[in-house]
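Here is a short briefing on a protein model. Look at the structure first, then read the points below it.

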Amino acid sequence: MSSPCQVLKSIGPKLVPFFKSVSVYFVLLAEQPSLLTVCFKCLPIISLIVFVLLHGINLSKEYAFSRRILTGLVFSCIGDALLVWPGLFLPGMGMFALAQVMYISAFGFSPLNPSLGAVLYTLSSLVICSLMPGLNGVLAIGVPFYTILLTTMTWRATARVQFFGEPWTWTKLCSCLGSISFAISDTLIGFHHFYRPLPYAQISIMLTYYAAQLGIALSAVDSRDNRQLKVK
């Protein structure tokens, strides 16, 4: 099995388009809804989709993890496009809800680590309680439901890293950090839109969001490494 340094050296060139497109987005930082804004906002996620495809994927059972991560990225990309327009917030949130479902199915429920889940659900409950006064209509149901999915995804990604149990891989750590970053990003969105406006919201939200998707996309490397380990 290749060392983390060897793997990172081999996948580094495949991630160059992601970092370049993220840089372009933050340089332009367009706020007005337009197709051009959609393109610049979605390019980093599209580059991660290409990264997962280049890493190797097919319809066999052994690639199920990568396919679910890929599908989650596709739903996220659609959600990014929809959220450019404020009037499409609900459909955009729906796409991200589907993305969370795919990530949860990829990470699985073993090991369970219920104590970690209890802590995360308690924290998410506090966030929901803080946001509820600012939620009306469908949002009063949709935002808490999405928060539960996001918390579940964070729980499942974080639970995969067992520092004192079975050996963990660097890609599991990436998905763990990515899920936490995703939770931070969406929490910032919630407080910015439904509690009070935050300074430099777009920068902080998108920076943590792109970091989150990068970490989750890197977890697709883990599936190939595991197969190579079994073969050896």
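The buried residues of α4 are Phe 89, Gly 92, Met 93, Met 95, Phe 96, Ala 97, Ala 99, Gln 100, Tyr 103, Ile 104, Ala 106 and Phe 107 (buried means under 20% relative accessible area, with a 1.4 Å probe and protein chains only). This is a predicted model, in which local features need pLDDT of at least 70 and side-chain atom pairs count only at pLDDT 80 or more, while totals for chains, interfaces and linings use all residues. Residues are numbered from 1 along each chain as its sequence is written, and side-chain values use heavy atoms, leaving out hydrogens and water.

**Helix α4**
- Helix α4 covers residues 89-107 (a helix is a DSSP run of H or I with at least four residues, numbered from the N terminus).
- The buried residues of α4 pack against α3, α6, α7 (170-194) and α8 (contact means heavy atoms within 4.5 Å).
- After α4 comes Gly 108, which has a positive phi near 75°.

**Thr 152**
- Helix α6 (residues 139-159) contains Thr 152.
- Thr 152 is buried, with a relative accessible area of 10%.
- Leaving aside residues up to four places away in sequence, Thr 152 touches Ile 104, Phe 109 and Tyr 121.

**Contact of α3 with α8**
- Ile 69, Leu 73, Ser 76 and Asp 80 in α3 meet Tyr 209, Gln 213, Ile 216 and Ala 217 in α8.
- The residues of this contact are five nonpolar, two polar and one charged (Ala, Val, Leu, Ile, Met, Phe, Trp, Tyr, Cys and Pro count as nonpolar, Asp, Glu, Lys and Arg as charged, and the others, Gly among them, as polar).

Conventions: Helices (H or I, at least four residues) and strands (E, at least two) are DSSP runs, numbered from the N terminus. Buried means under 20% relative accessible area, exposed over 50%, partly exposed in between (1.4 Å probe, protein chains only). The expected span of a helix is 1.5 Å times one less than its number of residues.
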